[in-house]
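Look at the structure first, then read the points below.

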Amino acid sequence: MSHVALEAEIAAKAEHPRSGCAHDFEQVFHVLPHAEARAPGRVNLLGEHTDYNDGFVLPVAIPQQTRVAMARNGGSTFRLHAAELGSAVEFSFEHPPGEHFASYVYGCLRLARDEGADIPGLDIHVASEVPMGVGLSSSAALEVATLRCLRELLGLDIDDVRIAQLAQQAEIQDAGVRCGIMDQMASSLAATDRALLLDTRSLERRTVPLPEGSAVLVLDSGVARSLAASGYNQRRAECEEAARLLGVESLREVEHLEHIETLPDIPRKRARHVFSENLRVLQAVDCRDPQAFGALMNASHASLRDDYEVSTPELDLLVDLLQRQPGVFGARLTGAGFGGACVALCRAGQARKAADAALANYNQHGRQGRILIPVPTERKENNESV
Ligand code: GLA
């Protein structure tokens with residue numbers, strides 16, 4: 001290569017530095033990708049198990065993202081590479097993948113094709129920073145990033161809401177979880193510095209600031225979410241039964257708690273959680289006072305523990321330890337429950353201190369709790385920044 005050509009190439013690379021994902025793609029497939037996209041995970045501040053009841057949710061995007069890169073491979077099959085898969089997995093529309101991880105990508109390709117897109121054979125690389133299996137929506141991030149990448153590659157005319165809807169269908173139809181739309185809407189539309197108030201019935205939404213002087217802390221309990229899919233689908237069925245007994249389309253429509261109190265034990269408890277959780281979201285939205293917001297989070301945890309019964313002894317312990325910290329306004333389990341992560345609202349600048357104190361106690365007896373947000377970085381001594 002001539003000196004001039006080399007300089008031009010260096011200048012072009014400086015202008016468009018190759019992302020880590022593109023670099024990895026090239027390492028695996030030996031060509032550059034034709035399109036790249038990314039999408040974040042989410043942490044839900046309030047509004048748990050309300051989305052499939054047509055209710056309200058209040059998630060915020062997290063800094064950790066999933067990146068997807070793609071290139072046409074000239075054939076008609078898909079070759080997927082990801083750290084989560086031991087080796088590249090090959091599949092086609094006729095022969096869907098057996099791997100659970102790959103089924104999310106397959107579902108997105110299939111749904112985009114059903115939307116009318118002409119999907120060629122593709123080489124696909126996935127790199128994710130979103131912790132998996134803890135309730136931070138790694139699957140939604142994968143689905144949304146895959147669909148964004150397809151939109152970019154093929155010039156598809158689908159907006160961010162449609163992307164979320166297709167991503168949700170991939171989760172339901174291909175991964176077998178009858179989820180609501182919160183995770184995919186959050187991954188597609190939320191920002192990291194403001195919460196997304198979403199009405200899951202109309203999809204009306206607006207962003208709201210976090211309470212004054214507060215910061216979000218997320219801790220992994222270190223306990224894998226067992227029974228997450230089966231327990232989740234069971235809760236959903238119990239809510240549908242409660243709605244049927246109450247003669248409403250969805251629990252969102254229940255206007256008075258007295259109606260719920262007439263139900264048999266299980267549907268009563270499930271409906272009471274959904275009713276009170278929707279109220280908490282609506283109270284939190286305009287709540288600039290972090291103490292009051294934190295109290296709503298604490299009440300949410302109690303309701304998820306006692307009425308919805310999706311907590312575990314470890315989550316209860318970790319939440320309790322967090323709630324006792326002076327810098328914590330409130331804490332609760334986040335996501336579907338049955339294990340996974342807790343979220344706390346902390347006084348800005350106190351998150352790490354609160355996390356360290358709670359984890360020092362929690363991690364006795366071999367438990368493996370850890371900080372997920374703020375994203376752990378090289379710790380500078382006595383330099384408390386979050
Ligand atoms: C999972 C689902 C969401 C939502 C939450 C619980 O994350 O994917 O749709 O139902 O659980 O709030």
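The shell around the ligand divides into five nonpolar, two polar and four charged residues. Here Ala, Val, Leu, Ile, Met, Phe, Trp, Tyr, Cys and Pro count as nonpolar, Asp, Glu, Lys and Arg as charged, and the others, Gly among them, as polar. This is a predicted model: local features need pLDDT of at least 70, side-chain atom pairs count only at pLDDT 80 or more, and totals for chains, interfaces and linings use all residues. Residues are numbered from 1 along each chain as its sequence is written, and side-chain values use heavy atoms, leaving out hydrogens and water.

**Around the ligand**
- The residues around the ligand include Arg42, Glu48, Asp51, Tyr52 and Cys179. Being near means having a heavy atom within 4 Å.

- A polar backbone atom of His49 is 2.7 Å from an oxygen atom of the ligand.
- A polar side-chain atom of Asp183 lies 2.6 Å from a ligand oxygen atom.
- In the side chain of Tyr232, an N or O atom is 2.6 Å from an oxygen atom of the ligand.
- Alone, the ligand exposes 300 Å², and the protein buries 94% of that. Such areas come from the Shrake-Rupley method with a 1.4 Å probe.

**Cysteines**
- The structure holds zero disulfides (pairs of cysteine sulfur atoms within 2.5 Å).
- Cys108 has 0% relative accessibility and counts as buried. Buried means under 20% relative accessible area (1.4 Å probe, protein chains only).
- Cys239, at 1%, also counts as buried.

Definitions and conventions
Polar contact = N/O pair within 3.5 Å; in protein donor to acceptor, adjacent residues only side chain to side chain. Buried < 20%, exposed > 50% of the residue type's maximum accessible area, 1.4 Å probe, protein only.
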